[in-house]
Amino acid sequence: MNTVTRNEISLKMKYGYKNSVRFRIIGITVSITIAIVCVAWIISRFMIEDFYLINAKKTLVDTFYSCNDFVKSIENDDSLEVNGVGDFYGNVKNSGNSLIVIINKENMQIYSSAYINRKMSLSIQSIVENNDFGMISRTPERYIIKLSSISDNLFDYNGDGIDDTSLGSTLDLYGVLDNGNIVILRRNFETLNTSMQFAAKFFTIATFALILLETFALLILTHRFTAPIIEMSQIADRMTKLDFDAKVQVKTDDEIGRLGKSMNKLSTTLEENISKLKSANLQLQNDLEEKDKLESMRSEFLSHVSHELKTPIALIQGYAEGLSDGVTDDPESMKYYIDVIKDEAEKMNTLVMKLLDLNELEYGKTLSIERFNITDLVNDVVAANKLPMQQKNIKFRFDEPEMISVWADEFMIEEVFTNYLSNAIHYAKEGGTIRVWYEKQDESVRVNVFNEGDRIAEKDINKVFIKFYKADEARTRSYGGSGIGLSIVEAIMRSHQQDYGVYNVDNGVVFYFELNTRGDKVDK
């Protein structure tokens, strides 16, 4: 089981293991465990012997009193001899498995819970002779307890009545029973030391094994708790980079699970608010750009209008002042002056009217969509412009006998075609050709107007529909052009949501516009 993921390793490398909550928990827990184990080892090393010694003394005392009770219950010492060794085990409380020796001090008869050989018998007699049992009988407890080393032992006992000088120290109780008999209780103390040493080794090995097991278990357990936190940290890093796609996988309903839900909610809220902020910022930017654009258009408009009106106003003012000052009395000259004033005033009026029309179109003039015949409209506009074409010896071609019905605002489309035809007449060369033809498509028809003459410069061809734009100022002025006609065409075609444009051909220029032939495709 891989308890440390690649992401965790990368985070540990980034922030350092010492700052990892997971490893801090493991470090603290293992440190506390080691401290507890050390305290337990110190206690066992320096206190368990004393504890065992106290418990062993208590066991000897209990055995002493049990022997006293047993001896009281029998008639005389002969009963001990008849009953044999087994009576001690069956009737005396001896939880410490001590050697029990009862001695009749008067005749030195020895009764033992184990087999007594001659050497041991002599040792027991020596103990009786070398200890003041009379004084012992006068103590409140009627016994004394001694811890003897090998050199102090007068006889050795290994639990089976076998001599063994390698046993080490013993714990002895010398006492006097109520009937005056002497009792000697002996418990091997070296067995405790050996057991303690073995227990200490086993304790040490078991402790290290348990610490390793604890560390491994902590790695697994802390992974369950820290993995969601690491995931949240990674997602928080992504959130700082405005990446809100990732979400915390909530699997529990505890504090970490609730924190994950809160982070997911925070991520969603931040994403929504940032989205709104971006939209508002974009809208503000668009508004500022639109404002700058409108301001630029307003300045440009005023500049163009001023420029267009400056010349006719100057002419009108000049000729009017001449008439006022009596520059001429000749009726023919005066008529010329008046005609110039009227012509310039008409140009100004035309310019103003076109500006008003363009303003209405740009700001959403309502369309009157209806079905009409585009061929009839073309023929009517051409008939109205025969005289200008004749004056330039222009040859006109319209080879479209088919009647095609379209859906549009007829008055506006007439304005479009009139502007195209007027533009073609003025830019066609003397004796040149103007041609009109259709290009039929599935649901629309394209009307093309060609004039034979100079081509439009490539740098200007994308600007001809711009308001007040004139590729040739002098030529445009010579026929009274204002630079607004094609802008009106653009506004009309955009309001119809139909295509329009211009392109050069080998011997001239073609302007075109498209109209819908299907009524169900027209937005009325």
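I looked up Arg446 and Glu514 first, and both are buried (buried means under 20% relative accessible area, exposed over 50%, partly exposed in between, with a 1.4 Å probe and protein chains only). The areas come from the Shrake-Rupley method with a 1.4 Å probe, and for residues only the protein chains shown count as cover.

This is a predicted model, so I noted that local features need pLDDT of at least 70, side-chain atom pairs count only at pLDDT 80 or more, and totals for chains, interfaces and linings use all residues. Residues are numbered from 1 along each chain as its sequence is written, and side-chain values use heavy atoms, with hydrogens and water left out.

**Arg446 and its partners**

How far apart are the closest N and O atoms of Arg446 and Glu514? I get 2.9 Å, a salt bridge (a side-chain nitrogen of Lys or Arg within 4 Å of a carboxyl oxygen of Asp or Glu). Arg446 lies in strand S10 and Glu514 in strand S12 (residues 508-516), so this pair ties together parts 68 residues apart in sequence. For the element names, helices (H or I, at least four residues) and strands (E, at least two) are DSSP runs, numbered from the N terminus.

Arg446 also meets Asp499 in a salt bridge, at 3.6 Å from N to O. Here the partners are 53 residues apart: Asp499 sits in the loop between helix H15 (485-496) and strand S11 (500-505), and Arg446 in strand S10 (residues 444-452). I wrote down 16% relative accessible area for the buried Arg446, while Asp499 is partly exposed at 35%.

**Other salt bridges**

How many salt bridges does a search of the whole structure find? I have 10 in my notes. One of them joins the side chains of Lys459 and Asp460, 3.3 Å from N to O. Lys459 is exposed at 61%, but Asp460 is buried at 6%.

**Negative patch**

I then checked the surface charge, and Glu370, Asp376, Asp380, Glu410 and Glu414 gather in a negative patch. Helix H11 (374-384) and helix H13 (410-427) are the elements that give two or more residues to this patch. Patch residues have over 30% relative accessible area and no salt bridge; like charges are joined within 9 Å, nonpolar side chains (Val, Leu, Ile, Met, Phe, Trp, Tyr) within 5 Å. Asp and Glu count as negative, Lys and Arg as positive; His and the chain ends are not counted. The charge is placed at CG of Asp, CD of Glu, NZ of Lys or CZ of Arg.
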